[in-house]
Amino acid sequence: MTRPVGAATRGTTNPNRLRRMDRWIAAAHGPALRRSDAPVAVDLGYGAAPWTAQELLVRLRTADPRCEVVGIEIDPARVAAAKPYEREGLTFRHGGFEVPMESRPTLIRAANVLRQYDEGEVAAVWRRLCDRLAPGGLLVEGTCDEIGRRHVWVALGPEGPRTVTFATRLGSLERPSDLAERLPKALIHRNVPGEPVHAFLRDFDRAWAAAAPYASLGARQRWIKAVRDLGGDWPLADDRRRWRQGEVTVNWTALAPSPG
């Protein structure tokens, strides 16, 4: 058997940790799932327990009841522990970034997997995973806190990165730049002056401060006002329907790290 590509994560996981990412995937990628002849999603590096794979199946089936989920883990003990939870539409197998499947998946979700890698390794992993996607497929790679209150992810197609999404439980947010600690590996070390992501978070904090009068209407209305104003200077890729969920999605080209 070929040795899986990659290294084991800490395995930390909690029920409902990835709910924000899952709901976004179901909404944003649902049409592509429905167009697929056999929609299959991969939960790559699901961790020490199978909860996130189980939840992904439930949420994707709101977009397409035909969806199946394959949980892939590089630690064989974790795969063995997950096997009793297999059921119709949900299986688990041993593997890594090579994504050992007979067919190409419509979706690969890799959450909290690349944090332990060097920034210089990210692009190669992205390419490898994108090469495994079916036509019209999506890779979603990002990071969240332990209970899923704050989350930032990158969405990629076979051609490369497309967007960056910031998502949060609005009641826990003091300022948008609080999300900086959950930037994915490709961006977290670029949150410094002179880098686009730093400028974006700076402008977001300013828009949030300017929207303070809306706080009397609730954190959601303040967020919507701040995001709308932010859109005057930054290329946003979503609308009020997603903003109401405590999200904002930005075109990757606007936040991509400066070369060199």
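# Talking through a predicted model

Colleague: Is Glu 73 buried or exposed?

Modeller: The cut-off for buried is under 20% relative accessible area. Glu 73 comes in at 1% relative accessibility, so the label is buried.

Colleague: Which side chain does the side chain of Glu 73 make a polar contact with?

Modeller: A polar contact needs a pair of N or O atoms within 3.5 Å. The side chain of Glu 73 also reaches a backbone nitrogen, that of Asp 75, at 3.2 Å. For the side-chain partner, the distance is 3.3 Å, and the residue is Arg 78.

Colleague: Which residues is Glu 73 in contact with, leaving aside its neighbours within four places in sequence?

Modeller: Here contact means heavy atoms within 4.5 Å. With those neighbours left aside, the list for Glu 73 runs Thr 9, Gly 45, Tyr 46, Gly 47, Arg 78, Val 79, Arg 93, His 94 and Gly 95.

Colleague: Let's move to helix H2. How many of its ten residues are buried?

Modeller: Helix H2 covers residues 51-60 and is mostly covered. Its buried residues are Thr 52, Ala 53, Glu 55, Leu 56, Leu 57, Arg 59 and Leu 60.

Colleague: How far does helix H6 reach from its first C-alpha to its last?

Modeller: Helix H6 takes in residues 196-210, which is 15 residues. At 1.5 Å a residue, 21 Å is expected, and the reach in the model is close to that. The value is 21 Å.

Colleague: What do the buried residues of H6 pack against?

Modeller: Among those buried residues are Phe 200, Phe 204 and Trp 208. The buried residues of H6 pack against strand E7 (160-168), helix H5 (185-188), helix H7 (219-230), strand E8 (247-251) and helix H9 (252-255).

Colleague: How many charged residues are in the lining of the largest pocket?

Modeller: That pocket has a volume of about 360 Å³. It is lined by 23 residues, and Arg 10, Thr 12, Arg 17, Asn 112 and Val 113 lie nearest its centre. By class, the lining has six nonpolar and ten polar residues, and the charged ones number seven.

Colleague: Which element gives the largest share of the lining of the second largest pocket?

Modeller: About 310 Å³ of space lies in the second largest pocket. Of its 14 lining residues, Trp 24, Ala 27, Ala 28, Ala 237 and Asp 238 are the closest to the centre. H1, E7 and helix H8 (240-243) each supply at least two residues. The largest share is four residues, and it comes from H1.

Notes:
Residues numbered from 1 in each chain as written. Predicted model: local features only at pLDDT ≥ 70, side-chain atom pairs only at ≥ 80, totals over all residues. Heavy atoms only, no water. Buried < 20%, exposed > 50% of the residue type's maximum accessible area, 1.4 Å probe, protein only. Polar contact = N/O pair within 3.5 Å; in protein donor to acceptor, adjacent residues only side chain to side chain. Expected span 1.5 Å × (residues − 1). 1 Å grid on protein atoms, 1.4 Å probe; cavity = no way out; pocket = protein on both sides within 12 Å on 5 of 7 lines; lining within 4 Å. Points joined across faces, edges and corners; volume = space filled by probe spheres on them. Nonpolar A, V, L, I, M, F, W, Y, C, P; charged D, E, K, R; others polar.
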